[in-house]
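Biologist: Can you show me the model? I have some questions about it.

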Amino acid sequence: MQPIAVLGSGADSLATRLTDRIEGRVVRIDRVTDTDLGPTETTADAAVRFTAGGDWNARGADADADLTTLLDRFAPAYDYAVITGETRLRVPTVLVGDDRDAEDVPGDVIATVPEPSAIDVAELLAALEGAEPWITLEELIDRAKADPLAERSGAIASFTGRVRAKDAPDDDRTSQLAFEAYEGVAADRMDAIAAELEERDGVFRVLLHHRTGVIPDGEDIVFVVVLAGHREEAFRTVADGIDRLKEEVPIFKKETTESEQFWVHQR
Amino acid sequence: MEWKLFADLAELAGDRTVPVAADPGDTVGDALDALLADRPDLRDRVLEDGDLADHINLLRNGQNVIHQDGLATELEAGDELALFPPVSGG
């Protein structure tokens, strides 16, 4: 799923135009103020209201965490998410009637316009082509299960690499990692690794995905999913998959801790 | 011909891409000399005793030149050259 955020006074109008023009399944997600969420009076940390017709809304203690949850939920079945309202998530962003500098927005600003009518939607969609999609572990597992050879599979193994805040209790805390990839070549290498691992007996499908950009501590970086006949091949192949990705794929990381910033390959 | 640089190499050079005067028929080594002449701060980072340091990767069209003719590899029109440190993804 490709998310796109629209911010500013003209956000609603542009988000509607964009949604009308996109081919494929679109989920529209709007961050609204508390008063729009309805009258649930509760001291619960999260509240969900839904109707038999399928309408629902949810309220939680952490709105950004909720947006992550929503994107994770819709990613497997939707092609695009059109989002309005502030977020700290790093999704490609359009500023409409919004005077902020691009540096003050968490995601990459792909267009800045004074009003919704000033934008060419086709150009905007073209600019999204190279953007990073929102891929979840669940989606990769769904793809593995949809493989024609899945009927011969009795095991799926997955690996998730995440940003570790501390390697030891008294460590300086790592606040984020920034990943830079050699675009094109990195994807080709990951495809080649997956294809080579899929040649093994009893290994039917291997999926690799590595996120790039700035990733805060606690968040996921990389996923490896293996669809195999039996658990032995699944475990061995998922381990070899992440090992080979770390050794061979041209991706570089810069670590930011409480006290310093450094390229990890220089340590 | 244009170089793509990554991580601290791009920081040292001041740019992620650096065009150099090297043409089809010249070698990868010629293109590297041109790069280091233009961005001298890179020299000590990527060379060791005058040769490309072992831990520095030099790719031509996505393939490491150690699997081609090394720095003697001849350039062809439209080649993409890349220089980067040890990878650290994951």
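Predicted model: local features only at pLDDT ≥ 70, side-chain atom pairs only at ≥ 80, totals over all residues.

Modeller: Residues are numbered from 1 along each chain as its sequence is written, chains are lettered from A and ligands numbered from 1 in the order in which they are written, and side-chain values use heavy atoms, with hydrogens and water left out.

Biologist: What are the domain bounds in chain A?

Modeller: Domain 1 of chain A is 2-130 and domain 2 is 137-266. The bounds come from an automatic or database domain assignment.

Biologist: How far apart are the C-alpha centres of those domains?

Modeller: 28 Å for domain 1 and domain 2 of chain A.

Biologist: And what area is buried between them?

Modeller: About 490 Å², with carbon and sulfur atoms giving 35%. That is accessible area (1.4 Å probe) lost on putting two parts together, summed over both. On the domain 1 side, A:Pro76, A:Arg88 and A:Arg90 lose the most, together 76% of what that side buries.

Biologist: New topic. What is the strand order in the open sheet?

Modeller: 8-12-10 in chain A, with antiparallel pairing. Strands are DSSP runs (E, at least two residues), numbered from the N terminus. Two strands pair if DSSP finds at least two bridges between them.

Biologist: Which strands are at the edges?

Modeller: Strand 8 (155-162) and strand 10 (203-210) of chain A.

Biologist: How many bridges join strand 8 and strand 12 of chain A?

Modeller: 8. In one of them, A:Ala157 partners A:Val226.

Definitions and conventions:
Helix = DSSP H or I, 4+ residues; strand = E, 2+ residues; numbered from the N terminus.
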